[in-house]
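Hi,

Here is the structure I promised to pass on to you. Have a look at it first, and then read my notes below.

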Amino acid sequence: MTSATLAALSNQQYRLAARPMGLPKDSDWSFSSEALRDIVEGEIIVQAIYLSLDPAMRGWMNEGKSYIRPVAINEVMRAGGIGKVIASKSAKFAVGDYVSGGIGVQKFWLGAADDKSASFYKVDPKLAPLPKYLNALGMPGMTAYFGLLDVGLPKAGETVVVSGAAGAVGQTVGQVARQKGCRVVGIAGGKEKCDFVVNELGFDACIDYKTGSVKDGLKEHCPNGVDIYFDNVGGEILDTVLTRINMKARIIICGAISQYNNTTPVKGPANYLSLLVNRARMEGIVVFDYLPRYAEATKEMGAWMAQGKFQTREDIVQGIENFPAALLMLFEGKNFGKLILQVGQE
């Protein structure tokens with residue numbers, strides 16, 4: 001690709017302009033376009049096709065110590081994605097390769113092929129549609145798989161409850177649990193999502209927190225208590241589930257989407273003494289800890305997909321210009337399935 005061709009390509013980017021207070025607003029972002037430069041030895045250019053929109057992005061926007069450094073002011077917003085290599089001076093990737101990694105909210109990524117912050121690896125669109133690599137075969141799926149199996153340690157016959165059951169992580173947690181012989185009860189918002197969770201994903205039941213009582217739903221669908229709770233929402237739902245846990249229960253803390261945009265202190269569980277009474281355990285999951293083991297999860301879940309035993313659902317929004325509004329869908333419960341922003345063509 002010539003210098004003139006690169007210069008003619010406009011790299012549209014969203015950068016973090018200010019740290020949000022509560023829900024991110026338009027003034028928290030800056031949108032810019034810039035021409036691409038020539039690459040040097042060891043570098044590649046990746047043209048973004050799909051970007052992953054995840055609740056964790058809200059935490060990355062905050063200042064302070066966490067499991068990963070915050071996105072800096074004026075830095076391109078961090079986001080995982082799938083793209084195609086369009087220029088390469090690296091033996092690691094060839095032009096035409098499809099890759100997954102930390103592309104950021106932009107149309108093109110340019111840098112060293114071995115950049116650890118991007119951690120690109122090849123994906124094969126012949127094995128699965130590209131969006132699946134941002135869902136069950138990507139970060140959400142890895143989070144669900146290792147969080148449930150390594151932290152939750154499920155045994156056949158146990159009852160697993162998962163909140164955010166129709167979301168990217170939740171839908172995978174429930175299906176993995178079913179494959180391992182567990183009874184699975186989801187918690188989701190709205191009849192359509194609950195029907196999807198039961199009728200298409202194969203959960204045993206789903207509690208609609210928008211129209212009914214979670215407490216009553218747990219009594220009805222978990223008459224023998226809860227052995228494993230995979231928490232994606234925090235807040236009142238976590239507090240309610242803690243009243244129903246069994247002896248030696250395991251609670252996996254994956255996220256707390258109900259609390260991410262608080263302008264007041266995060267609400268902790270008032271019923272945490274249930275952990276003491278039931279000798280239970282609560283443990284967090286950060287997917288990056290399992291990076292060396294992603295292949296084993298991809299192999300097992302990929303096999304289930306090929307056998308028709310595993311379903312995924314993606315909610316794809318078109319256009320990089322729609323990034324700010326699309327991100328808010330996560331916190332308003334408007335997405336149905338894994339939320340993805342399409343910014344390029346396959």
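**What I found**

Helix α4 has 10 of its 12 residues buried, so it is largely enclosed by the rest of the structure. Buried means under 20% relative accessible area, with exposed over 50% and partly exposed in between (1.4 Å probe, protein chains only). Helices (H or I, at least four residues) and strands (E, at least two) are DSSP runs, numbered from the N terminus.

Before going on, please note that this is a predicted model: local features need pLDDT of at least 70, side-chain atom pairs count only at pLDDT 80 or more, and totals for chains, interfaces and linings use all residues. Residues are numbered from 1 along each chain as its sequence is written, and side-chain values use heavy atoms, leaving out hydrogens and water.

Back to α4, which covers residues 168-179. Among its buried residues are A168, V169 and G170. The expected span of a helix is 1.5 Å times one less than its number of residues. Just after α4, G181 has a positive phi of about 85°.

Next, the sheet. Six strands form an open sheet in the order β10-β9-β8-β11-β12-β13, with parallel pairing. Two strands pair if DSSP finds at least two bridges between them. At the edges are β10 (205-208) and β13 (281-284), each pairing on one side only. From one strand to the next, the twist averages 15°. Here α4 comes back: this helix packs on the sheet and touches β8 (159-163), β9 (183-188) and β11, with its direction making about 170° with that of β8. Helix α6 (residues 214-221) also packs on the sheet, touching β8, β9 and β10, and its direction makes about 165° with that of β10. Contact means heavy atoms within 4.5 Å; axes are lines fitted to C-alpha atoms, for helices over the stretch in contact, and angles run from 0 to 180 degrees between N-to-C directions.

What covers the buried residues of α10? The cover includes β1 (10-16), β2 (29-35), α2 (56-60), β14 (314-318) and β15 (338-342). Eight of the 10 residues of α10 (residues 323-332) are buried, so this helix is largely enclosed by the rest of the structure. After α10 comes G333, with a positive phi near 70°.

Last, find S90 in the loop between β4 (81-88) and β5 (98-101). S90 is buried, at 18% relative accessible area.

Enjoy exploring!
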